[in-house]
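Have the structure open and follow along.

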Amino acid sequence: MKNIFVLGGTGFVGRHVVQKLVKQGYTVTVATRRAVNARELQTLPTVTVAELNVHDPLALQQALAGHDAVVNLVAILHGSEAAFQKVHVDLPAKLAHAAVAAGLPHVVHVSALGANPQQPDAAPSRYLRSKSRGELALSHPALAVSVLRPSVIFGAEDKFLNMFAKLQQVFPLMPLAGTHARFQPVWVEDVASAVVRLVQSRAAAGATGVWEACGPQVYTLGALVHGAGVWAGIAEGRGRPVIPLPEWAGRLQAALMQLAPGEPLMSGDNLDSMKVDNVASGIEAGLSELGIQAAALEPIAMDYLQRGRPGHGLLGLRRRT
């Protein structure tokens, strides 16, 4: 039985990855700063939770010893230049060094669609520049590195469609910057399956490379935001009107959002990222090359966005009949 080490295993995507690895018979170690963050994973039969500061190089090297592969899912969407550097660049560099020192041969790294390690400085946002440099930081002749670049990820616990659906429960209109930005949303289950397939591919030719994780359909941001309201059944299934904002107004909106406590809904750096279409390049391999048929967004989103509403599921069907 292979031993897999997972960084970021307590997050949205990470929980799905860990569950799938366990189902495939792997023994999994989940690194977390506080064990309480992994309490729902601790019930899985072959999971060990390791309290660890993953930014400590020596502690990371010691923790990796005895494992066959490591999966890196650690990422942030918002932050300063220094924060992006620490999480997206410095951590992968430390991980590569620690993996080689521990004799661990394979890293599966979840990056982002739009990352371009050949021209990292050409990316329009701090987020994408740091993701690009992070891929470069993992390069080492003693490591097989499998990079997965997903588009925006949707699923029952996402902070994307759920957020816009909740906003439409409150506001009659949705003023929005970047309405024409294009995305190819991918289901979290398909992303997790891709990670597991890449872990399994270590012994096969092509374990080192880049794969893009995208769904079957391209949407504009405006269509996704309006769709979130429609799929959630807001305004009797019509959703709220989306009002496109000019760039200056979008920048002002993002700046005001960043002043609010907690994680911002939108930042200026997010707007910069949307200057690059978040869709499959057609150059790199995709989910189909991993034997995965990408799921369509709408039926899945409609299911989880309507959970708990009176018209959802069998109870709703009975009421309607």
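**How the helices pack**

Start with helix H7 (residues 221–231) and helix H10 (residues 297–305), which pack at an angle of about 55° with their axes 9 Å apart. That makes H7 oblique to H10, because angles under 35 degrees count as roughly parallel, over 145 as roughly antiparallel, 65 to 115 as roughly perpendicular and the rest as oblique. An axis here is a line fitted to C-alpha atoms, for helices over the stretch in contact, and angles run from 0 to 180 degrees between N-to-C directions. Helices (H or I, at least four residues) and strands (E, at least two) are DSSP runs, numbered from the N terminus.

This is a predicted model, in which local features need pLDDT of at least 70 and side-chain atom pairs count only at pLDDT 80 or more, while totals for chains, interfaces and linings use all residues. Residues are numbered from 1 along each chain as its sequence is written, and side-chain values use heavy atoms, with hydrogens and water left out.

Now for the second pair. Helix H2 (residues 57–64) packs against helix H3 (residues 81–101) at about 45°, and their axes are 8 Å apart. H2 and H3 are therefore oblique to each other. On the H2 side, Pro57, Leu60, Gln61 and Leu64 make the contact (heavy atoms within 4.5 Å), and their partners in H3 are Lys94, Leu95, Ala98, Ala99 and Ala101. Sort these residues by class and you get seven nonpolar, one polar and one charged. For that sorting, Ala, Val, Leu, Ile, Met, Phe, Trp, Tyr, Cys and Pro count as nonpolar, Asp, Glu, Lys and Arg as charged, and the others, Gly among them, as polar.

By class, the contact of H3 with H4 has seven nonpolar, three polar and five charged residues.

How far does the predictor trust all this? The chain averages a pLDDT (the predictor's confidence in each residue, from 0 to 100) of 91, and 93% of the residues score at least 70. Over residues 312–321, though, the pLDDT is below 50. Beyond near neighbours in sequence, that stretch has seven contacts in the model.
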